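Please open the structure in your viewer and keep the selection tool at hand.

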Amino acid sequence: MDFDLMISSFPKLLNATLITLKLLSVSLIVGLILGILFSIMRINKNPIINKFAYGYSYFFRGTPLLVQIFIIYFGLGQLEFIRSSFLWIFLKEPYWCAIIAFSLNTGAYTSEILRSAFETIKPGLIEAGKSLGIQSKIIFFKIQIPIAIRQSLPAYGNEIILMLKGTSLASTVTLMDLTGVAKYIISTTFKPIEVFIVAGGIYLFLTFLIHNFIKFLEKKYSF
Amino acid sequence: MNIIKKFSLGLLISLFLTISANADKIRIGTEGAYPPWNSKDASGKLIGFEVELAWTLCRYIRQQCEIVEQDWDGMIPALIMRKFDAIMAGMSITAERQKAISFSQGYADEVASLAVMKGSDLEGISTSEGINLTKKTGAVKKDLKTLTSALAGKTVCTQTATIHQNFLESGDVGKIKVRTYKTQDEVNLDLASGRCDVALAAAVAFTDYAEKSGKPVVLVGPTFSGGAFGNGVGVGIRKDDTELLKAFNKAIDKARKNGDISRIATKWFGFDASM
């Protein structure tokens, strides 16, 4: 075991963790917005809107994240009309390709988490609101959404942790995130165990933080 | 319960049998994604210069061989961890790698070159035909200077953990934006898509891609050798495996004398890259 290598690679890996966190936070924010939008579409009665949202979540939950990144990065890059369109400004950069793939992926899972949360709301609560003469719009925003968010916290915490580990795939499209830098150090030192232990430790610590933050939120908003 | 016991016992026995069956075979690791050195055909069979050469060398060593596929970036760790016994994967002999493993004598020369898509402004750069970085003469320094200003601000792509990456990061051509990929195939794809302004690899890797894909990839600048580019491509072997190293060196001698290496090299590269 080469402890010197573990110590000397630690600052480099910590630096790369910033990229990992950046990828994670941006895609979680975009994904949450997408998730809310699509979950509302999922509970809509109109079959076209409903089926469209279902198709989206079916596709992104049904294919591996790695395949999605490759389709967006290498696949779209092969198409001439994409390369000559304004989209290429974003798709040319591996960073944006990763963000797009991660956001769409976590958006699909988030929409399912929120949908199931909406469906667990007891009809009695909505009826109580209606019988008090509250507008259905206000019922939706003041009763349904807050309850759905609280209900989905444990499942959403899981999704954040899965997404954190998912960002390691960014290294496959040349991004130097935590995993990318770990692989780079290994390629010059030929010592995978030491470097992956340090990198794994950092992932574990981040998971610990996320887990406790969600637990804190669950306690704070319990009823 | 009984079924599970029987099943796991059977599994253990078959595992043991496969391990012992492989014990006297020489396992040779290759990447299978660096044509024409080593690649795979449509059916997934490993082919290429080194695959054919490996079988030839095994005949001279008079031992059974097995060719194992391994991702490039884990090649040396996999050798050290005994996933196989020898590397034949277009791996150049460099001082950095020799700290971790031994190399046989070189069997072929890899000529490195930059490549761009037709129409790039780098097409016009004028340098000498080839430069050797071992002796940094005035002419070499002048060419490096030309390259430094030509590559400034460009995205230069290359495969990870290669001599090409080492060269680009050595500072010989200034501080440039280097993007590294897991395989050469991916470098080629991004060169064609325009994400990479210029790429560095074995010249044959580009000419092979241009020929097979029909994409207008052209070589520019000088060919590189010496220095960070090492001293030819050899068989990588664990440091404590001196017997196997001797056997490979002898086999390469024989194969060279009988003209096997030149013949196989000419077949795959279109020219004699043997050494």
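What percentage of the 223 residues of chain A count as buried? The share is 34%, where a residue is buried if 20 or more other C-beta atoms lie within 10 Å of its own, exposed if 12 or fewer, and partly exposed in between, with C-beta atoms placed from the backbone. This is a predicted model, in which local features need pLDDT of at least 70 and side-chain atom pairs count only at pLDDT 80 or more, while totals for chains, interfaces and linings use all residues. Residues are numbered from 1 along each chain as its sequence is written, and chains are lettered from A and ligands numbered from 1 in the order in which they are written.

**First stop: chain A**

The C-alpha atoms of chain A fill a box of roughly 70 × 50 × 25 Å, taken along the principal axes. Among contacts in this chain between residues at least 6 apart in sequence, 77% join residues at least 24 apart. Two residues are in contact if their C-beta atoms, placed from the backbone, lie within 7 Å.

Next, select residues 94–120 of chain A, which form helix H6. Because 19 of its 27 residues are buried, H6(A) is largely enclosed by the rest of the structure.

Now select Leu37(A), which is placed in helix H1 (residues 3–42) of chain A. Why does Leu37(A) count as partly exposed? The reason is that 15 other C-beta atoms lie within 10 Å.

**Second stop: where the chains touch**

Show both chains together. Here 15 residues of chain B are in contact with 12 residues of chain A. On the chain B side, helix H3 (75–80), S10 and H7 each supply at least two residues. By class, this side of chain B has seven nonpolar, four polar and four charged residues. Ala, Val, Leu, Ile, Met, Phe, Trp, Tyr, Cys and Pro count as nonpolar, Asp, Glu, Lys and Arg as charged, and the others, Gly among them, as polar.

Two strands pair if DSSP finds at least two bridges between them. Axes are lines fitted to C-alpha atoms, for helices over the stretch in contact, and angles run from 0 to 180 degrees between N-to-C directions.

Select S7(B) on its own: six of its six residues are buried. Ala112(B), Leu114(B) and Val116(B) point one way from the strand, whereas Ser113(B), Ala115(B) and Met117(B) point the other way. Six bridges join S7 (residues 112–117) to S12 (residues 217–225) of chain B, and these strands run antiparallel. In S12(B), Met117(B) stands opposite Val217(B), and Ala112(B) has Phe224(B) as its bridge partner. S7(B) also pairs with S11(B) in the antiparallel sense over four bridges, and there Ser113(B) is partnered by Ala201(B).

**Last stop: the five-stranded sheet of chain B**

Select S4-S1-S5-S13-S6 of chain B, an open sheet in that order with mixed pairing. S4 (65–69) and S6 (102–108) of chain B each have a single partner strand, so one side of each is left without a neighbour in the sheet. S1 (residues 26–30) and S5 (residues 86–87) of chain B pair in the parallel sense over two bridges, and Ala86(B) in S5(B) is the bridge partner of Ile28(B). Helix H2 (residues 49–61) of chain B packs on this sheet, touching S1, S4 and S6 of chain B.

Note on methods. The expected span of a helix is 1.5 Å times one less than its number of residues.
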